[in-house]
Every structure is written in C-alpha cells, then in structure tokens.
Amino acid sequence: MAPSLSLVLLIVLLSSPAIYAGHDYRDALRKSIMFFEGQRSGKLPPDQRLRWRRDSALRDGSSAGVDLSGGYYDAGDNVKFGFPMAFTTTMLSWSIIDFGRTMGPELKNAVKAVKWGTDYLLKATAIPGVVFVQVGDAYSDHNCWERPEDMDTLRTVYKIDRAHPGSDVAGETAAALAAASIVFRRRDPAYSRRLLDRATRVFAFANRYRGAYSNSLYHAVCPFYCDFNGYQDELLWGAAWLHKASRKRAYREFIVKNEVILRAGDTINEFGWDNKHAGINVLISKEVLMGKAEYFESFKQNADGFICSILPGVSHPQVQYSRGGLLVKTGGSNMQHVTSLSFLLLAYSNYLSHAKKVVPCGELTASPSLLRQVAKRQVDYILGDNPLGMSYMVGYGRRFPRRIHHRGSSVPSVSAHPARIGCKEGSRYFLSPNPNPNLLVGAVVGGPNVTDAFPDSRPYFVQSEPTTYINAPLVGLLGYFSTHSSWR
C-alpha cells in the first residue's frame, strides 16, 4: 500500500511561522458576503447593509437602447466586466450548491448575492444572438478616481454577436445561469426555469458562433480581461453546468465528444475567471466518484492530477508555497488563485469522502482529510495566520488593510460629502496616506506574494485591490469551515 502524504505535508503546513489563534469563520462568512453589497451597481435595495454606498449607473445601457443597470463592479474601479462577473456568479452558486447547508443564517444573503448577478445577466442576454459583455470604457474609467455615485466617465456598451463572437464570455455566462438555476430550483421554480432556458440559448449561441471575445473586442477588453487561455474551456465548462442543471443527454454527449478537441486536460492546475480546466475536471468527477458516469473517468484522472500538482511538497513547478504557507502562482492578484484552488480542494475532498476514495500521487496517496487541511490552512492565512499577523479581509480581525485600492471606499461617501467629487478631484484621496474613510467590509485584497510581504498602499493595486472573484469561492470555503472547523 502506498504511504500517506499526511505526515510529510503536515510538517510543511505546521512548520511555517504562522499564528494559530482560532477564527470566527461564521463572522468571516457574514463579512465575505456583505462585500458584494459594496460592489453593487444600479438601484440599491432597502435592505442594503453597507449604507455608505448609494445608487449609481442607473442609465447604463441607454446609449444602446437597453437597460443594463445593476450587476457588480468587478474590483476597485467602476466598470462592469461581464466575463469576471459571470465567473463570480458561477462560483457563488457552486458555493451554495456544495456548502449552502452549512451557511446557517447567511445562506439567504448568499442567495441574494447570486440573484443580484443573475438579474443583470438576464438583462445582458435578453436579445437572442447578442450578449452585452461590458459597460464602461476602462481607459476612461481608469483615468479617474471617483466614487461610482459621481462617475461621469464613458459608459460605453460592448456586445458580442454572430459577426463578433465571444464563446468564452458567452460560455461562462451560460455556466453562471445554469449553476444559478440549481440554486433557485426549489426556492423559486419559475425563476429557475427562466435561468435554465436562457443558459440553454446562450450556450447554443456560444457553441455555434465560435471565437474569443478578446479578438472581437480587443481594444475594449484588453489588457484588462483578455481571454489569454482560449474559449474552448468555457464551452466545456458551460456544457458541464448545463448537464448538471438539466441532466440532458445532449450535454453529456457534447462533453464526451469534445473532451480532446476542447483540451480538457490542458493546464490542469489553473482555475479562475480565464481558465476553467481544473474546475471542469473536479465538477465532472463528482459523477464518476458517485458511481454514475464511468464515461467521464478521464476527467477524474485529470482531477487527481490537479490535486497532486498543487499539494505542498509534491506540487508542480508553477505552484509555490511561501515560507508563511501561502499558495503562490505567477500573475497578479495572488489571492484569486488561493481562494479558487482551495475551493476545488475542499469540494473534491468532499466528493472523495462520500466515495471513500483517496488521490494517488505517484507512490504516495492523499486523503480527503489532507485536502481539507491544505484548504483550511489557506483560509487561515487569509484571516491572519501569517508572518505579518494581518487579516487580508477588510473588517475582520484587529489588523487588516486600511488603504485598499478601491474608489468608493477611499473617497468620502455621499453622506459625508454631498457635493460632487470630480474625475481628477479624487486623486488626492488616491494619493493620501490616510486610511480609507469607508470600510468595504469583507473585501479580500490581492494579498502578498511568495515573500509574504504586503504594502498597505493604494498605488500597489496588485496587492491592495479586492475583486468579486476572490471572494466568491471563499464564501463556500467559509461556509464549510464555519461548521467543520477542526483539522480532521
């Protein structure tokens, strides 16, 4: 029998100079969901909890004759990027599907966060053969530092259609709508059917008119949310979620037929708004582990390979761990990798547990318990068990980032400063050494890199900017650990 990785990896995990003080995961869960209220665009509801925010961008879409109000600002700017917004919605839905049972009273707020995203995505896909994929000129927006309530930058509307395809963003949008239809299946059956019907139509469009949206809309979406990885993974991802939501044989056949053509086994240790490969393999593997889909066995093999590629001590060269124990991958905003990959570790560990299986990693094996421990170690690092003793979630713990790269948080609120603050007038708040006046509770910043260092400074946006797609997988992780906080 192959020896266990547990002893080796526990030495790696526990030897890092962290401060194990125990965490209030329920409080962190509440705050991680509240963050999405700070990112809302459009008309805010009466139960809005972050009261320093106000209505914004109410006329979005009017230049194109459509209503595109609502949705989320992706990060610290005021642009609505459809690609990461759809991925955020997918991951919030997956968090609820797998871990909603352990979210307690916060489940209702997580569901509201999903619906804020899907209500917008339904607007963006209302016209057959068209998906509106962005509102706001990113260059114009990034030239200003102003709160969303005041913005007077260009609210240009960008779309994909038959002549200008975008299978990547359309495939992700279909995935988001399909995943959300599962969330609402019992809560609101009519809304769920509407989501699934729209997901079906959007996926058919994405598949029939193939191409990358960054080719069709290069000057609008690049370098911000370029599709660097190709659109093939989003087609498989969309089909996987439609199969899970509808149980239709056509999607199973699409996945089996296109597995090789659409390169399901490529870059298996990547998962995020641009690259869905590891997520595809973990999602589909659940059916294999439940004994329901032997025809998907190769996806489980890919998922096992993914697990082995990110475990400390046996990981792939593209994955490192800092001295403090943080998972690190190349590229900006490292916490997006930490939360998304940790989510997959936790989800897969649960699938393995139910099937009473382990992951073979060469001559070694990794148990479901070990996968959970690695995921929990990453969550604990975010919440303060790190060399700086700093929580990277705003408002959680005694020490957290105070100068995050976020326009609305750093500029005085409308209630504190009713007069308009113009495009360049906000620059003094961007450059100020003072803490942000408005606490964006629950925001998780890009965080440190392999050195475990963190500059709490707005200009260092890679480290100090929060994003919706950092928080979305973290909601699921915190939902689980709020009930299962022991290491075993």
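Is Phe99 buried or exposed, judged by its relative accessible area? In this predicted model, where local features need pLDDT of at least 70, side-chain atom pairs count only at pLDDT 80 or more, while totals for chains, interfaces and linings use all residues. Residues are numbered from 1 along each chain as its sequence is written, and side-chain values use heavy atoms, with hydrogens and water left out.

**View 1. Phe99 and Phe343 form an aromatic pair.** With a relative accessible area of 2%, Phe99 is buried, a word that here means under 20% relative accessible area, whereas exposed means over 50% and partly exposed lies in between (1.4 Å probe, protein chains only). Phe343, at 0% relative accessibility, is buried as well. The ring centres of Phe99 and Phe343 are 5.7 Å apart and the planes stand at 85 degrees, so the pair is edge-to-face; rings of Phe, Tyr and Trp (its six-membered ring) pair if their centres lie within 6.5 Å, and planes under 30 degrees apart count as stacked, over 60 as edge-to-face and the rest as tilted. Because Phe99 lies in helix H3 and Phe343 in helix H14 (residues 335-355), the pair ties together parts that are 244 residues apart in sequence. Helices are DSSP runs (H or I, at least four residues), numbered from the N terminus.

**View 2. Tyr295 takes part in an aromatic pair with Phe296.** This edge-to-face pair has 4.8 Å from centre to centre and 75 degrees between the planes. Tyr295 is partly exposed, with a relative accessible area of 37%, whereas Phe296 is buried, at 1%. The charged end of Arg252 sits over the ring of Tyr295, 4.7 Å from its centre; a charge sits over a ring if NZ of Lys or CZ of Arg is within 6 Å of the ring centre and within 35 degrees of the ring normal.

**View 3. Arg40 lies over the face of Trp116.** The distance from Arg40 to the ring centre of Trp116 is 4.5 Å.

**View 4. Asn258 is found in helix H11.** This helix covers residues 249-258, and Asn258 counts as buried because its relative accessibility is 6%. Not counting residues up to four places away in sequence, Asn258 touches Arg210, Leu236 and Arg263, where contact means heavy atoms within 4.5 Å.

Terms used. Helices (H or I, at least four residues) and strands (E, at least two) are DSSP runs, numbered from the N terminus.
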